[in-house]
Amino acid sequence: MTIAAHTQLLDTFPLVRSQNVEDARERIGRFFSPHRLELHGKPRQLDMAHNQVRLARVSLNVLHYGAQVLIDPGERGDFYMVQLPLNGSAQLACGMESVSVDPGVLSVLQPHIKSRMVWSGDCTMLLLQVPRSVVHERTMAWGIDETPRFALAHSRQVPEVAAWWQAVLDLTRNIDRFGDQWLRHPAAYAAMEEFLLSAFTALLSQPDAARCLTNPGDARCLRRHCKPCLRVAAHIGGGVQALRRGVAAGLCAALPAASRA
């Protein structure tokens, strides 16, 4: 059976094309995590397309299966994956949490956490893959030496998330069209990568820390949910006021949930 080719974002950077489940599972597993891949529903014919552009330390990927699929990597690899749905929807389970995502909700999959996904037949994802060490390096600059954790889902209704999301789409379209020009200049793609990584310290904050912003007069709230930020505040001076500025600036985005108890 011949399946008509679909035009996808980053088609100028094709990585894998497959209509065989085992072949797709093995080849995608080389770049992400080894996983179980099963067809669900109809049509029961795979039409997988995986595009990828690599910058210095992160990669942008566009992935489409062309059929409803179950993706079960078990315990994930040593990287974060920000998933921005372009079309369709997916049901995600990560650790003890579960969420539905679509073009109005992005998700952040954590390193070394058991996860399981069901993508709809029309689901296409833009995926930002970032090694754990890269994110950790950024948070260590603020004296946070624990593994960063982020909320699983983030709504596009939040203006900051919507702005970053749209900028990522615009950047990806630009690379798709003019990649040969951009990627020959290391300073240019280093700047692109820095922008993509800004989400981890400015946008993808833990809900508890963000909630303190709605009650800025309550120092107890900040201390309760952002104890590790006290080290940052002590370093730069200013006590609770500095702590509050740290939350507002997104420095709490990378704090592990366990540290907030």
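Biologist: How many bridges join strand β7 to strand β8, and do they run parallel or antiparallel?

Modeller: Strands β7 (residues 90-94) and β8 (residues 97-101) run antiparallel and are joined by five bridges, where strands are DSSP runs of E of at least two residues, numbered from the N terminus, and two strands pair if DSSP finds at least two bridges between them. This is a predicted model, in which local features need pLDDT of at least 70, side-chain atom pairs count only at pLDDT 80 or more, and totals for chains, interfaces and linings use all residues. Residues are numbered from 1 along each chain as its sequence is written, and side-chain values use heavy atoms, with hydrogens and water left out.

Biologist: And what is in the turn of the hairpin?

Modeller: Two residues lie between β7 and β8, and Gly 95 in the turn has a positive phi of about 65°. Cys 94 has Glu 97 in β8 as its bridge partner.

Biologist: Switching to Ser 59, is that buried or exposed?

Modeller: Ser 59 counts as buried because its relative accessibility is 1%, buried being under 20% relative accessible area, exposed over 50% and partly exposed in between, with a 1.4 Å probe and protein chains only. Ser 59 is found in strand β4 (residues 59-64).

Biologist: Which residues is Ser 59 in contact with, leaving aside neighbours within four places in sequence?

Modeller: Ser 59 is then in contact (heavy atoms within 4.5 Å) with Gln 52, Val 53, Arg 54, Leu 127, Leu 128 and Gln 129.

Definitions and conventions: Helices (H or I, at least four residues) and strands (E, at least two) are DSSP runs, numbered from the N terminus.
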